[in-house]
Amino acid sequence: MSRVKVTETFVSIQGEADAVGWPTLFIRLTGCPLRCVYCDTQYAFHGGEWRDTGELVEIANGSGVRHVCVTGGEPLAQKACLVLLSALCDAGYDVSLETSGALDIAAIDPRVARIMDLKAPDSGECDKNRWENLALLNPRDEIKIVIASRGDYEWARDLLHARKLDALCPVLLSPAQGLVDPAALANWIL
């Protein structure tokens, strides 16, 4: 049986992506090779406990929900994450993965919806973007860009047009908590 290191599991309402509003089981894996300036899950960098894939599928079975989101940290930093994603799909769940986009997404089970961050300059991790991942995205995936400044917004806008990101999949711009007023971001987009 495959094992992953888990920081927490919990049921909540999905607040992002196309599954927004759906009751969702979140499985937060431990560890991340990035250190984004605005990270809101630094507590997931270390610690956690080892859990068998089968045990996590049983937690999903007892959760009472259909949607499962594997998140982190950076879930793909653990090789066994791929086994977990496939096991959850095999068990009949609608599975999404929140990933930084800094690691290769090619081996992810095609049944999984990939929510891939692109790191804007103010994240401090823009040089970690793995641009090859863009060619692997499909219409059921999503790109998320966290915006921490007007400069980040302009970078994202220019990137969206230059690489035609919206032709690949939906693109979401999200304000960094406490750094960009959501109303300001909405006005820039409009």
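Guide: Let us begin with α3, which has 14 residues and reaches 20 Å from its first C-alpha to its last, close to the 20 Å expected at 1.5 Å a residue. The expected span is 1.5 Å times one less than the number of residues; helices here are DSSP runs of H or I with at least four residues, strands are runs of E with at least two, and both are numbered from the N terminus. This is a predicted model, in which local features need pLDDT of at least 70 and side-chain atom pairs count only at pLDDT 80 or more, while totals for chains, interfaces and linings use all residues. Residues are numbered from 1 along each chain as its sequence is written, and side-chain values use heavy atoms, with hydrogens and water left out.

Visitor: Which residues of α3 are called buried?

Guide: D152, Y153, A156, L159 and L160 are buried, that is, under 20% relative accessible area, where exposed means over 50% and partly exposed in between (1.4 Å probe, protein chains only). H161 and A162, on the other side of α3, are exposed.

Visitor: What makes β3 and β8 edge strands?

Guide: Strands pair if DSSP finds at least two bridges between them, and β3 (49-52) and β8 (171-175) each pair on one side only. They belong to an open sheet of eight strands in the order β3-β1-β2-β4-β5-β6-β7-β8, with mixed pairing.

Visitor: How do you know that β6 and β7 pair?

Guide: Three bridges join β6 (residues 113-117) to β7, and the two run parallel. The definition asks for at least two, so the pair qualifies. Within it, I115 stands opposite E142 in β7.

Visitor: What is meant by a nonpolar core, and how many residues has the largest?

Guide: A nonpolar core is a set of buried Ala, Val, Leu, Ile, Met, Phe, Trp, Tyr and Cys residues joined through side-chain atoms within 4.5 Å. The largest has 40 residues, and I27 and L88 have the most contacts inside it. The largest share, five residues, comes from α2.

Visitor: Which residues does L88 contact?

Guide: Contact means heavy atoms within 4.5 Å. Leaving aside neighbours within four places in sequence, L88 is in contact with I27, V57, A60, V68, V70, Y93 and V95.
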